[in-house]
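This report is written for a reader who is new to the structure. Please look over the sequence and the model before reading on.

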Amino acid sequence: MDLDSLLPTSSHVDLYFRPSKRARIGASVVFRGREFEQECKQSIDVLPDECLFEIFRHLDSARERSSCAGVSKRWLMLLSTIRKDEICKSRSTSNVRMVEESKPESDREDESNGFLTRCLEGKKATDVRLAAIAVGTSGCGGLGKLSIRGSNSTRGVTDLGLSAIASGCPSLRMLSLWNVSLVGDEGLFKIARECRLLEKLDLCHCPSISDKGLIAIAERCTNLTSLSIESCPKIGNEGLQAIGKLCSKLQTISIRDCPRVGDQGVSSLFASSSCAITKVKIQALNITDFSLAVIGHYGQAITHLTLSGLQNVSEKGFWVMGSAWGLKKLTLLTIASCRGMTDVSLEAIGKGIANLKQMCIQKCCFVSDNGLTAFARAAGSLETLQLEECNRITLLGVGGALSNHIRNLKSLTLVKCMGIKDIAQEVTLPSPCTSLRSLSIQNCPGFGSASLSMVGKLCPQLQHVELIGLYGITDASMLPLLETCEELLKVNLSSCINLTDETISTLVRLHGGTLEVLNLDSCRKITDASLVAIADACLLLNELDVSKCAITDAGLAVLSSSEQINLQVLSLSGCSEVSNKSFPFLERLGKSLLGLNLKNCHSIGSGMVGMIVENLWRCDILV
């Protein structure tokens, strides 16, 4: 067909056509006589990505971009690659300001604040979801915190998803990556380029991230204040050296189980004169005495220090760290599973760290009574002492430490210390420790009646008492402790299976006017008689746990009838004798309850549980 016959004969045509929407014709047109055919295909789909990108970046409204992102996966992924500075503003600055002010507050763009938090776990962690977060949060305050826990087994998070976050979320301040094996250095490169406000980075089980990615973060994210690295086999000394050199605002550092990290990397973090690191955790690293010497000399800003599983550090390393007198601000020290921690090094730490207030020693098999007593004599500022699985510590060492050597000690905790056991021979008791307010003894199988009697005489001012899993103590051995203490506020006797109602009766008779928290979990010999005593004498009790005790409906009836009881938390877990008959009693108690645990109360039917939940609507109920 001759197309010229369709054109006007005059060279000047002055015609007005009513504006109409143009048909979208994207396929090739084939003319056949006066008819033509077109392939039925949407025109937008045949445009290359470059053209779509150019179209999308002219959408200056966050709502418009979000709407387009919902059309298809292709559009979503393209929109997620557009950076904020690539978006073209079609109006003048003044007009934009007026339009933005006229919009609802939820529609205004405020990408710099970073108010929003998102967390993806397991199967939900995919690149597509990250792209949706990048596009969707840009106009709603901006993404500030992102946590990715695990990854989809078939469509897991990759560098592409992290790049989408980097492009769309320049306000990102905290990034946490756990168990994302497909994310590598390229993803961190993009984060480093676009997210200059990043302050906290957490990398755990990221086998594809190496020193290169960490160096990029150090070079561009100079506001970094917190860094945590765990089980990242490709991260070593070079990455940490860059962090130590370039991130002068770093305050918190945690490194665990990274085999390529050694003395050079750790020491470089503290070598700078401008080092401001206050909290340090070093666990399961191949470092030696040298690193601890550097920390002891240059860690002047450190307030919290944890050293765990350092198998290559000897007694000398801990001794030098304590004797260097550089840890002037250190107040909390935890040392666990370190063979170099001995009596000699413990005494040096006590002498050299003058402001130490909290000390925790776990699984240090070479610490004995002599080291504990020497440390107690030297550590004049110590307020809290915790000993866990230190099997060379005996009751004599504990007594020596308490005998006024530690003038300010307020809390003592002993956990699974097999050396703590009853002493057969008669011993001369040291002077009482009048400063101690909290005592916790947990799962020490040798701790029996004689030990408890000795502790009761040594600690007359206790307010918080935890005796957990101590099968050897009886009603008779509890009496001296209860009579010696002036006012008890919190008592935990869970899993002390030989205690009976007699102990509870004595406890509430002597301390019912001050007792606030009572935990009797798994004390199987506790019956309704204890609830009767509690209902009569406890004026201030707000938390009561009688899980797995011999409690029945009758006991709850008495407890609920007390006018002075004002419980906020009640746990009846595993009380098989509590049945549907307790509904009115629980309803009465529910007027003040904020938490109720009915888990494994098999005598309460499912229908009754529904009624309880409906009537106690203000209370959090665990069933």
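Leaving aside its neighbours within four places in sequence, which residues is Ser 494 in contact with?

The model discussed here is predicted. In it, Ser 494 sits in the loop that runs between strand 17 (490–492) and helix 18 (501–511). With a relative accessibility of 8%, Ser 494 counts as buried. Apart from neighbours within four places in sequence, Ser 494 is in contact with Leu 467, Ile 468, Gly 469, Asn 519, Leu 520, Asp 521 and Cys 523.

One of these partners, Leu 467, has its own list of contacts. Neighbours within four places in sequence again set aside, Leu 467 is in contact with Ile 441, Leu 452, Ile 473, Met 478, Leu 481, Asn 492, Leu 493, Ser 494 and Cys 496. Leu 467 also belongs to the largest nonpolar core, which has 177 residues. Within that core, Met 359, Leu 467 and Ile 534 touch the most other members.

## The chain as a whole

The chain has 623 residues, and buried residues make up 50% of them. Its secondary structure consists of 22 helices and 22 strands.

Glu 54 lies in helix 1 (residues 49–56) and is partly exposed, with a relative accessible area of 35%. Glu 54 and Ile 82 are 28 residues apart in sequence, and their C-alpha atoms are 9.7 Å apart in space.

## Two helix pairs

How do helix 16 and helix 17 pack, in terms of angle and axis distance? Helix 16 (residues 449–458) and helix 17 (residues 475–484) have axes 8 Å apart, at an angle of about 10 degrees. Angles under 35 degrees count as roughly parallel, so helix 16 is roughly parallel to helix 17. On the side of helix 16 the contact is made by Ser 449, Leu 452, Ser 453 and Gly 456; helix 17 contributes Ser 477, Met 478, Pro 480, Leu 481 and Thr 484. Sorted by class, this contact has 4 nonpolar, 5 polar and no charged residues. Leu 452, Met 478 and Leu 481 are also among the residues in contact with Leu 467.

The second pair is helix 10 and helix 11 (residues 289–298), whose axes come within 9 Å and cross at roughly 0 degrees. Helix 10 is therefore roughly parallel to helix 11. Asp 263, Val 266, Ser 267 and Phe 270 of helix 10 make the contact with Phe 290, Ser 291, Val 294, Ile 295 and Tyr 298 of helix 11. By class, the contact between helix 10 and helix 11 has 6 nonpolar, 2 polar and 1 charged residues.

## Salt bridges

In one of them, the side chains of Glu 199 and Arg 173 meet at 4.0 Å, N to O. Glu 199 lies in the loop between helix 7 (185–194) and strand 6 (200–204), and Arg 173 in the loop between helix 6 (159–168) and strand 5 (174–178), so this pair ties together parts 26 residues apart in sequence. Glu 199 is partly exposed at 31% relative accessibility, and Arg 173 is partly exposed at 27%.

Another salt bridge joins the side chains of Glu 383 and Lys 357 at 4.0 Å, N to O. Because Glu 383 is in the loop between helix 14 (369–378) and strand 13 (384–388) and Lys 357 in the loop between helix 13 (343–352) and strand 12 (358–362), the pair ties together parts 26 residues apart in sequence. Glu 383 counts as partly exposed at 26%, as does Lys 357 at 34%.

## Asp 211 and helix 8

Arg 260 and Asp 211 also meet in a salt bridge through their side chains, at 3.4 Å, N to O. This pair links distant parts of the chain, 49 residues apart: Arg 260 is in the loop between strand 8 (252–256) and helix 10 (263–271), while Asp 211 is in helix 8 (residues 211–220). Arg 260 is partly exposed, with a relative accessible area of 45%, whereas Asp 211 is buried at 6%.

Other buried residues of helix 8 include Gly 213, Leu 214, Ala 216, Ile 217 and Ala 218. The buried residues of helix 8 pack against helix 7, strand 6, strand 7 (226–230) and helix 9 (237–246).

Technical notes:
Residues numbered from 1 in each chain as written. Predicted model: local features only at pLDDT ≥ 70, side-chain atom pairs only at ≥ 80, totals over all residues. Heavy atoms only, no water. Axes fitted to C-alpha atoms, helices over the stretch in contact; angles between N-to-C directions. Helix = DSSP H or I, 4+ residues; strand = E, 2+ residues; numbered from the N terminus. Parallel < 35°, antiparallel > 145°, perpendicular 65-115°, else oblique. Contact = heavy atoms within 4.5 Å. Nonpolar A, V, L, I, M, F, W, Y, C, P; charged D, E, K, R; others polar. Buried < 20%, exposed > 50% of the residue type's maximum accessible area, 1.4 Å probe, protein only. Core = buried A, V, L, I, M, F, W, Y, C linked by side-chain atoms within 4.5 Å.
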